[in-house]
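The report below describes a structure chain by chain and then turns to the way its parts meet. Please read it alongside the sequence and the model shown here.

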2 protein chains.
Amino acid sequence: MKIGRPLEFDPDTVVDAAMALFWEQGYEATSLQDLLEHMHLSKSSLYQTFGSKHALFLRCIDRYHERTMVDLQARLDGRSDGFQFIAETLNRVIQEVNELANPKGCLVTNTANEFAQSDREIARRVAAGLAGYRDIFRQAVVKGQREGSIRSDMTPDQLANYLVTGMSGLRTMVKAGADRADLRQAVDVIVTTLH
Amino acid sequence: MKIGRPLEFDPDTVVDAAMALFWEQGYEATSLQDLLEHMHLSKSSLYQTFGSKHALFLRCIDRYHERTMVDLQARLDGRSDGFQFIAETLNRVIQEVNELANPKGCLVTNTANEFAQSDREIARRVAAGLAGYRDIFRQAVVKGQREGSIRSDMTPDQLANYLVTGMSGLRTMVKAGADRADLRQAVDVIVTTLH
DNA sequence: CTTTTTATGGACCGTTCAGTCCAATTCGGT
DNA sequence: ACCGAATTGGACTGAACGGTCCATAAAAAG
């Protein structure tokens, strides 16, 4: 069995580069030119490996989702306090305001806002991404309720939907250029109302 | 003083048409071709009247902001109950899910998500738009606190930031294709926590 | 060293983009 | 009727878009 010339690049590495671009600029605003330069790939290699810009984008979303879920789950599992996990997760969104000049937000919610329901495959992935976030929050709420740090007069599902909504809202506020103080107030209310 | 040939169109009417397109599709996704067809204008007329696609967009945002603010203020003033106003405003966001196949959301928050801070003039208008929403909510909270229907252990500013965040989050959830039931739960929690 | 398999660079494609320009037209004022 | 001012349609522009294709290069297997 003959095997041809091997790839000169690591697929995961170049997908990471593409992901960073899409994350920062969105799908439409990221040109093939952009991608080729930052992935250090020739056009042929990109098309041979990924098929199309669209397919590459889907792959980036999948990778993003996978990574953020693993990260969130690890942070949740490695922490006894469900309430603290939630507070910390929301506060991380605010952190971006200082760290980046123009915050990238979350690839999933960015994509939700760019495409809405206009692309089936993308819509499916966005829905899956949101469902994942909701599930993480649900777990955290269950944990917090068991520990007594989160109110028990509302179901974990209710509070999970509430928290996903809150986090998405924060992301939009960050992109809209809201002051840190205003974001802080919003987070404070969300966190306070959990007790 | 001689006056030339008069315009064959009403500027306000054609701006409304452009606004609807930008609202539905976003700035980049709306081509000049699109605009010309829906505005029933020739290219020359558009450029002569508005200068550029970008300038037209700014004008659309201004018009949108002006109209929504007038509408919100009128609804707030014509209602004695601050709490009810807030509940109704949040519920209206959910309504879209049934009414439109793919919901348009809010032009201001859509724009925030599309451009973030990458365009100064747009960023300014987005910030102004959000500030307007926050002010409306602040008024409603003050009213509700006076009436006793809204908790008084938090300042109107705090709750206003909280509510703007919540509404923005709902908009993202709608675009992401969230179930009506899930949105309902999120709104219920937000509304409940106001008491 | 040859053959086979595959990657690669770069030329090329048709389309669409926002924007410019001008000749023809249309209307108000005199 | 005429003139001046302003609108209008349509041709045109250069650049950028995503995508295709092929000749060349390179490496692994025999």
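## A phenylalanine in the core

A:Phe137 touches A:Ile86, A:Ala160, A:Leu163 and A:Val164, leaving aside residues up to four places away in sequence, where two residues are in contact if their C-beta atoms, placed from the backbone, lie within 7 Å. A:Phe137 is also, with A:Ala18 and B:Phe137, one of the residues that touch the most other members of the largest nonpolar core, which holds 101 residues. Such a core is a set of buried Ala, Val, Leu, Ile, Met, Phe, Trp, Tyr and Cys residues joined through C-beta atoms within 7 Å, and a residue is buried if 20 or more other C-beta atoms lie within 10 Å of its own, exposed if 12 or fewer, and partly exposed in between.

## Basis of the model

This is a predicted model, in which local features need pLDDT of at least 70 and side-chain atom pairs count only at pLDDT 80 or more, while totals for chains, interfaces and linings use all residues. Residues are numbered from 1 along each chain as its sequence is written, and chains are lettered from A and ligands numbered from 1 in the order in which they are written.

## Chain A

Chain A has nine helices and zero strands, these being DSSP runs (H or I, at least four residues, for helices; E, at least two, for strands) numbered from the N terminus. The C-alpha trace of chain A spans about 65 × 45 × 30 Å along its principal axes, and buried residues make up 41% of its 195 residues.

## Contact between the chains

The contact takes 39 residues from chain A and 39 residues from chain B. On the side of chain B that touches chain A, two or more residues each come from helix H6 (107–115), helix H7 (120–147), helix H8 (156–175) and helix H9 (180–194) of chain B, and H8(B) gives the largest share, 13 residues.

## Symmetry

Chain B can be laid on chain A with an RMSD of 0.0 Å by a turn of 180 degrees and a shift of 0.0 Å along the axis, the superposition being by least squares on the C-alpha atoms of residues with pLDDT of at least 70 in both copies. The two copies are therefore related as by a two-fold rotation axis. In chain B, the C-alpha nearest the axis belongs to B:Gly169, 1.7 Å from it, and the same surface serves both copies, with 100% of the contact residues of chain B recurring in chain A.
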